[in-house]
Amino acid sequence: MTLPPGWLGPDANFLALEEPWCHPDHAGVYVLAAPYEHTSSYIQGSDRGPDAILEASRQVELYDETLGFETYRECGGIATASPLALQGKVNAAAVEAIEDYVASRLVPRRFIVTLTGEHTGALGAIRAHAKAYPNLCVVQIDAHGDLRDAFQGNPYSHASVMARVVGDGLPLIQVGIRSISPEEIDLIRRMPTVTTFFADRILDPSGPYGGHAARWIPEVVKACMGPVYLTFDCDGLDASIVPALGTPEPGGLGWYDTLALVTALANGPGIIGMDVSEIAPIPGFAAPQFTVARLIYRMLGRIQAARRR
């Protein structure tokens, strides 16, 4: 069996999977890389993030000891497409190219993980899924609100991507927010379709949930009124876990709380797609992208386990 053009073999794909487990005709999961960066306002390099995640993933152990299976087998395989070429495309043109790239591979029962650079790239993947799942809601794990109408004059800034999601009429649940502007606070207060779980309220032991995931995660699940599309900005995690970020912030989600949230969403409303953004690799330092690659694989395991129930 030979891979068709446009698909990556074990020397370049997610997890270094051999055939037939990386063949797109059989795989239940597709990994799509769309390395877009145009508006990063602090640390540059998120366009190198998808490739760094793919490279690091080849060191991830394939057996999940918490679930008792090898996730890629349970999924029927994980296929990785050649990265989308975005040279010369910015703002709306880049978002549209990513939407087309994802939509052309989105079919029932196939789960797509989109790896992008800055968070703006997620908008194309979200829009592709919204057309296939009209009742979906977006769950955003992030340090930042990303709800400015425009930032530095650009409505397609990474700081405005969730404003575009809200403008599309999609319900939005934000988790882990801890850096936000007055303009964004005003939008949250005005928009009944936006529910925000600020980091200090859910993670601080002195907050209303006592910092206990068992208390705040059910509230996040309750806020979801349809199947979930998960948009995962890596700065939603605490910067001590993943420091290679375009806009790092302390005080974020931990490893186990993140997996507990994903498990609850998968077992509850269900997760129908996701994207991962904002890794800005640090030369010679592989731990951040390895952590994210392993987290993606662990998330896929929990999503697959929920589908088996």
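1. Ile296 is in contact (heavy atoms within 4.5 Å) with Phe14, Ile53, Val113, Leu115, Met274 and Val276, leaving aside residues up to four places away in sequence. The model is a predicted one: local features need pLDDT of at least 70, side-chain atom pairs count only at pLDDT 80 or more, and totals for chains, interfaces and linings use all residues. Numbering runs from 1 along each chain as its sequence is written, and side-chain values use heavy atoms, without hydrogens and water.

2. Ile296 also belongs to the largest nonpolar core, which has 61 residues; together with Ile78, Val175 and Trp216, Ile296 touches the most other members. A nonpolar core here is a set of buried Ala, Val, Leu, Ile, Met, Phe, Trp, Tyr and Cys residues joined through side-chain atoms within 4.5 Å; buried means under 20% relative accessible area, exposed over 50%, and partly exposed in between (1.4 Å probe, protein chains only). Helix H10 (residues 287–308) contributes the most to this core, with nine residues. (Helices are DSSP runs of H or I with at least four residues, strands runs of E with at least two, numbered from the N terminus.)

3. The partners are 51 residues apart: Trp21 lies in the segment before strand E1 (29–34), Tyr72 in helix H2 (residues 71–74).

4. Tyr72 counts as buried because its relative accessibility is 6%. Trp21, at 25% relative accessible area, is partly exposed.
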